[in-house]
Amino acid sequence: AYFVHQFQKQNLLTPNYVLVLFIVSVLAAAWALLTVIRRKSTRDSANFVSFIDLCFIGAFIAAVYELRNIAQASCTNFSADNRFSLTINNSGVSGSSPFQLNVNKHCAMLKASFAFGIMNCIFFAITAFLLLFMHRTRKDDRDVVVKETYRRRSHDSR
C-alpha cells in the first residue's frame, strides 16, 4: 500500500511488480481472515480450502518473480570518515561519529516486500498441507455400519 500511495501521490502509474504483489497480498489477507472466521466450514471443505491456498502459492510465486531484480540491489551505504570530534563543556559531552549509514527507503521496502512474498509462499504451503492432512484424518468421515440382530422367541409352553 505504501508504494501504491507513493506512485498515486506523484500522479504516476504504479509498476506491475508492485501491483501484482499488492493485489495478491490483499486477497490473501482477506482469504486468511475468512478461513479463520469460518473455521467449521473450513474443516468441512478442507480440500477446497487447500486448493485455494495452493492457488495463492502460485500467485505469490508470480509476485516474487516480478520482483526478482530487487534481490541483487544494494539498499544501504555505509561510510566511515577519519574525522571524530568530541566537545566537553559545562552541559556535558557532545561529539560526532565518523560512521554514517544511508538507507534507500524505497529499495529497502521493495526488498522487505520480496522477503514477505517468499514467506507467504511458505506459510500458505504449510496451511495447504495441514488442511490436506486434516481432511484425511477426520474421524467423522468413517463409514458407520450398524448391524441389527433380531431374536426370535418361540412360544413354547412349559
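**Reading a helix and its neighbourhood**

Tutor: Let's start with α2, where Val18, Leu21, Val24, Ala28, Trp31 and Thr35 are buried. Keep in mind that this is a predicted model.

Student: Okay, but how do I make sense of the spacing in a list like that?

Tutor: Here's the general idea: an α-helix has 3.6 residues a turn, so residues three or four places apart point the same way. Now go back to α2 and find Val18, Leu21 and Val24 among its buried residues.

Student: How many residues does α2 have, and how far does α2 reach?

Tutor: There are 22 residues in α2, and from first C-alpha to last the helix reaches 31 Å. That's close to the 32 Å expected at 1.5 Å a residue.

Student: Is Thr14 buried or exposed?

Tutor: Check the relative accessible area against the cut-off: buried means under 20%. Thr14 has 17%, so Thr14 is buried.

Student: Which residues is Thr14 in contact with, leaving aside its neighbours within four places in sequence?

Tutor: Val4, Phe7 and Leu19.

Student: Let's zoom out. In what order do the elements run in the protein chain?

Tutor: Starting at the N terminus, you read α-α-α-α-β-β-β-β-α. That gives five helices and four strands.

Student: And how much of the chain is buried?

Tutor: Of the 158 residues, 23% are buried. As for the accessible surface, the chain has about 12,700 Å², with 59% belonging to carbon and sulfur atoms.

Key: Residues numbered from 1 in each chain as written. Predicted model: local features only at pLDDT ≥ 70, side-chain atom pairs only at ≥ 80, totals over all residues. Heavy atoms only, no water. Helix = DSSP H or I, 4+ residues; strand = E, 2+ residues; numbered from the N terminus. Buried < 20%, exposed > 50% of the residue type's maximum accessible area, 1.4 Å probe, protein only. Areas by Shrake-Rupley, 256 points an atom, 1.4 Å probe, with all protein chains shown as cover. Contact = heavy atoms within 4.5 Å. Expected span 1.5 Å × (residues − 1).
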